[in-house]
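Hi,

Here is the structure I promised to pass on.

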Amino acid sequence: MSILENVQPKNVFHYFEEICQIPHGSYHTKQISDYLTAFAKEHELEYYQDDLNNVVMIKEATAGYEAASPVILQGHMDMVCEKDAGVEIDFEKDGLDIYIDGDFIKAKGTTLGGDDGIAVAYALAVLADDSLEHPRLEAVITVDEEVGLLGAKDIDLSMLKGHILLNIDSEEEGHFLTSCAGGLSTQTKIPVVYQREQGIKVSLHLHQLEGGHSGAEIDKERANGIIEMGRILKYLEERIQIGLISLEGGLKDNAIPRNVSSSIMILPEDREAFSSYIAEITEILKKEYAISDPNLTLDVQFDKEGSYEVLNPSSLQKVLFYLRNVPNGVMHMSTNIKGLVETSLNAGIMKLNKEELYISTSVRSSVKSRKEELTDRLVYLTEFLGGEISIEGDYPAWEYCADSRLREKVSEVYTRIFQKEPVFEAIHAGLECGMFADKIADLDAVSFGPDMFDIHTPKERLSISSTERVYKFIVEFLRSMK
């Protein structure tokens, strides 16, 4: 039986539930892409599927709308795959276990993928409904947005005729975004060397952090597990002798890491002092993050005494130096828009292996020179430590359009339906609108969506009532384009 069978709007949630049952994490989009092309064939739509798995579907205007400006409906098909500890799921093979909790749809122990599965569901619902009145519709569903807007970067849009873009990739109802930051990701590798030492193995697990989207939540001062584990290790290293055996945490560079683990070696005679220092640093962290991360937990497990491969002194210092000096969090606030983050960095993935320390970060800025300056700092730090760094997924900022007829139309329709004015604002998170503006001359765009909370975390939830209101807006907006 369908979980969402009786949820309104029925057509939207029908497709959303189908999407939730298809694995569609970033870099693994072939199955969801083929689902979209099968939908296009079933509904006799003109469609295009490229080698990256991007999909474009076109439906011609209904009677009386032939002269109306075509409208581009746009979202991305990939999702961030995060799960709670202990949850068994293979995101490349398994669907999501969704359920209804009051006004919200959630997934048990995992991210929901409302970002951006709901945009895909909206587009399919509109394309499938022959009773709707609308201009020519051009649905563009991209891949790998969550890992650097990779699909939007290389998609061919030459078949499009529209210059009006409705990007459905935002998470606050009634708020329409008009510009966003640009960004990139960096991949840092710092070589390390091991040596064998004798001592007690201790496992550290920092978890139950809030995490969140590295753009939308970066200003909330939430703990970054990677940075804080580096701080814990340095705190211990300054007080007792330690050896570093393993270090790992984070799943996505655009998600603030919630869980980080480390294994270290201590001398038997330092066990009591170690426990005292762990209690001290735990108390410090809990006090500092009492509001932003109230459930912060640092678990400690002692193992047997033995001989272990640990980083040699030089490598240990390089790793600690990097973790204590890498920029992280908000770097600059906008001087033009009050309260808007201008530049930030998130250390999102960390893995220590036998050859190197690997760190992946997400850099964002609405100012190109600031993005370059922050990247230069990362390059300088990495090369100073004898490492290598590569840059991927560099995408432009979406600049504000001062003279937008689309904003006027959005305001008129939204106010008429809901008897209140919409909010137009900028956002620090990256959106594909900048990529589309580079490809389509004179593009007029807004980004919007229904209420979603805690995206990119297993607490993600999508409001049912908000989803219905936003769909009502989309349908009325299209009808009003005549």
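The accessible surface of the protein comes to about 20100 Å², and carbon and sulfur atoms hold 47% of that (Shrake-Rupley method, 1.4 Å probe; for residues, only the protein chains shown count as cover). Bear in mind that this is a predicted model, where local features need pLDDT of at least 70, side-chain atom pairs count only at pLDDT 80 or more, and totals for chains, interfaces and linings use all residues. Numbering runs from 1 along each chain as its sequence is written, and side-chain values use heavy atoms, leaving out hydrogens and water.

On burial, 59% of the 482 residues count as buried (under 20% relative accessible area, with the 1.4 Å probe and protein chains only).

As for overall shape, the C-alpha atoms fill a box of roughly 85 × 50 × 40 Å along the principal axes.

One residue I looked at is Thr 297, which sits in strand E15 (residues 297-311). Thr 297 is buried, since its relative accessible area is 19%. Its side chain reaches the backbone oxygen of Asn 295 at 2.8 Å. Beyond its neighbours within four places in sequence, Thr 297 is in contact with His 205, Leu 206, His 207 and Gln 208.

Cheers

Key
Buried means under 20% relative accessible area, exposed over 50%, partly exposed in between (1.4 Å probe, protein chains only). Helices (H or I, at least four residues) and strands (E, at least two) are DSSP runs, numbered from the N terminus. A polar contact is a pair of N or O atoms within 3.5 Å; within protein, one must be able to donate a hydrogen and the other to accept it, and residues adjacent in sequence count only if both atoms are side-chain atoms. Contact means heavy atoms within 4.5 Å.
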